[in-house]
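Here are a few notes to read alongside the structure. Have a look at it first, then come back to the points below.

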Amino acid sequence: MAASVIKPKQVGNCHLIGDVGAALLANNGKVYLGVCADIGVQSFCAETNAIGAMLTDGECLIKRIVATWKDKNGDVYVIPPCGHCREFMCQVNIENLDNTEVVLDQNKVVKLKDLYPYHGRGNFKKRIFN
């Protein structure tokens with residue numbers, strides 16, 4: 001489903017829109033889709049776009065999420081969420097850290113916390129600076 005929204009468009013000389021697609025299954029059972037926009041300072045990832053659609057619908061818990069990219073031959077690749085997206089999922093609702101399943105391949109699914117083991121929640125130690 002994530003690959004179905006990939007429709008890359010070149011905008012100007014260097015901006016690319018829609019070359020990554022994301023799908024997320026929310027806790028409410030609905031699927032939300034998104035595409036990326038690589039347009040400089042205001043860029044956003046496909047996962048962020050899908051999460052925005054979910055938030056617009058009043059939901060904040062992600063059950064499962066996947067992002068995909070197609071090469072020039074049309075071959076589809078699953079890509080892991082970037083650090084910003086991982087943090088965004090946690091900021092939307094901290095329960096996503098323990099409960100969200102991230103699809104990494106056709107046969108590989110991990111919890112968000114496994115991709116983000118040093119998230120700040122409960123991992124701070126007292127540090128002394130000299």
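1. A word on terms before we start: two residues are in contact when they have heavy atoms within 4.5 Å of each other. Keep in mind, too, that what you're looking at is a predicted model.

2. With that in hand, which residues does leucine 33 touch, leaving aside its neighbours within four places in sequence? The list runs Met1, Val5, Ala22, Ala23, Asn49, Ala50 and Ala53. As for valine 66, which sits 33 residues away from leucine 33 along the chain, the two C-alpha atoms are separated by 9.8 Å.

3. Leucine 33 belongs to strand S3, and so does valine 31, in a strand that covers residues 31-38.

4. The class lies between the cut-offs of 20% for buried and 50% for exposed.

5. Now the wider view. The protein has 4 helices and 7 strands, and along the sequence they come in the order β-β-β-α-β-β-α-α-β-β-α. Of its 130 residues, 35% are buried.

6. Two last totals. The protein exposes about 8,100 Å², with carbon and sulfur atoms supplying 54% of that. Among contacts between residues at least 6 apart in sequence, 48% join residues at least 24 apart.

Methods: Residues numbered from 1 in each chain as written. Predicted model: local features only at pLDDT ≥ 70, side-chain atom pairs only at ≥ 80, totals over all residues. Heavy atoms only, no water. Helix = DSSP H or I, 4+ residues; strand = E, 2+ residues; numbered from the N terminus. Buried < 20%, exposed > 50% of the residue type's maximum accessible area, 1.4 Å probe, protein only. Areas by Shrake-Rupley, 256 points an atom, 1.4 Å probe, with all protein chains shown as cover.
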